[in-house]
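Thanks for coming, everyone. Please take a look at the screen before I start.

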Amino acid sequence: MSQKTMEVVKNLDIKRYMGRWYEIASFPSRFQPRNGVNTRATYTLNEDGTVHVLNETFTDGKRGFIEGTAYKADPQSDEAKLKVKFYVPPFLPIIPIVGDYWVLHLDDDYQYALIGQPSRNYLWVLCRQTHMDDEIYNQLVQKAKDEGYDVSKLHKTPQSDPPPEGDDTPKDAKGIWWIKSLLGM
């Protein structure tokens, strides 16, 4: 069955998009631990126009994280289609993994976003706050469904309020969470 082309946000104001986003829900992926909580992403604009990406998740009280770089897939396009490059495993950065990061929906105030990619195997609901209003959440889920996503796979991410401070928690320095998640443990 052929799927329609996904609608993607146009003219993304990258500076306004920077900062911290909390994961409200996502499709489970092998790149994240299954029991991860307080998952979040922090974006920082680099001088060359690329974006520094810091993805964090907490498992059993320990902070796991991976860093990467995001950049426009097509610099000439006005569509918010980005590529994100991570090096794995995080403690031995030798293999670049590049993924698509398409902003499918973003409110006018840049407070919540729906992120997907062309295969429709990955989906994220992000918010500037640790919790999202149910009505907004349901609208984003409907938007994802309209774009051809199997929203039954969406898994809500537990977020504590207030969120943990990254530097105050013990680090999962060996990147074990990444290996475990890759092996499906």
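I will go through the core, then the strands, then the charged residues.

First, the ground rules. This is a predicted model, where local features need pLDDT of at least 70 and side-chain atom pairs count only at pLDDT 80 or more, while totals for chains, interfaces and linings use all residues. Residues are numbered from 1 along each chain as its sequence is written, and side-chain values use heavy atoms, with hydrogens and water left out.

Now the core. A nonpolar core here is a set of buried Ala, Val, Leu, Ile, Met, Phe, Trp, Tyr and Cys residues joined through side-chain atoms within 4.5 Å. Buried means under 20% relative accessible area, exposed means over 50%, and partly exposed lies in between, with a 1.4 Å probe and protein chains only. The largest nonpolar core has 44 residues. Which of them have the most contacts inside it? They are Tyr17, Tyr43, Tyr101 and Leu106.

Take Tyr101. Contact means heavy atoms within 4.5 Å. Leaving aside neighbours within four places in sequence, Tyr101 touches a list of residues including Tyr17, Tyr43, Leu82, Val84 and Leu126.

Next, Trp21. Its place is in strand β1, residues 19-26. Helices (H or I, at least four residues) and strands (E, at least two) are DSSP runs, numbered from the N terminus. Trp21 counts as buried because its relative accessibility is 0%. Beyond four places in sequence, its contacts include Arg40, Tyr43, Leu106 and Leu126. Trp21 and Leu126 are 105 residues apart in sequence, yet 5.8 Å apart in space, C-alpha to C-alpha. A polar atom of the Trp21 side chain also lies 2.9 Å from the backbone oxygen of Tyr17.

On to strand β5, residues 81-88. Its side chains alternate. Leu82, Val84, Phe86 and Val88 point to one face and are buried.

What does β5 pair with? Two strands pair if DSSP finds at least two bridges between them. Strand β4, residues 62-72, pairs with β5 in the antiparallel sense over 5 bridges. There, Gly68 has Phe86 as its bridge partner. Strand β6, residues 95-106, is also antiparallel to β5, over 8 bridges. Lys83 stands opposite Asp100 in β6.

Now the charges. A salt bridge is a side-chain nitrogen of Lys or Arg within 4 Å of a carboxyl oxygen of Asp or Glu. How many are there in the whole structure? The search finds 7.

One of them joins Glu79 and Lys10, at 3.6 Å, N to O. That pair links distant parts of the chain, 69 residues apart: Glu79 is in the loop between β4 and β5, and Lys10 is in the segment before α1 (14-17). Lys10 counts as partly exposed because its relative accessibility is 45%.

Arg63 and Glu56 form another, with the closest N and O atoms 2.5 Å apart. Both are buried. Arg20, Arg40, Glu56 and Arg63 are linked in a network of salt bridges.

Last, Glu23, in strand β1. Glu23 is buried yet has no salt bridge. Where is the nearest side chain of opposite charge? It belongs to Arg40, 11 Å away. Glu23 does have a polar contact of 2.6 Å with the side chain of Thr157. A polar contact is a pair of N or O atoms within 3.5 Å; within protein, one must be able to donate a hydrogen and the other to accept it, and residues adjacent in sequence count only if both atoms are side-chain atoms.

How values were computed
Lys and Arg count as positive and Asp and Glu as negative; His and the chain ends are not counted.
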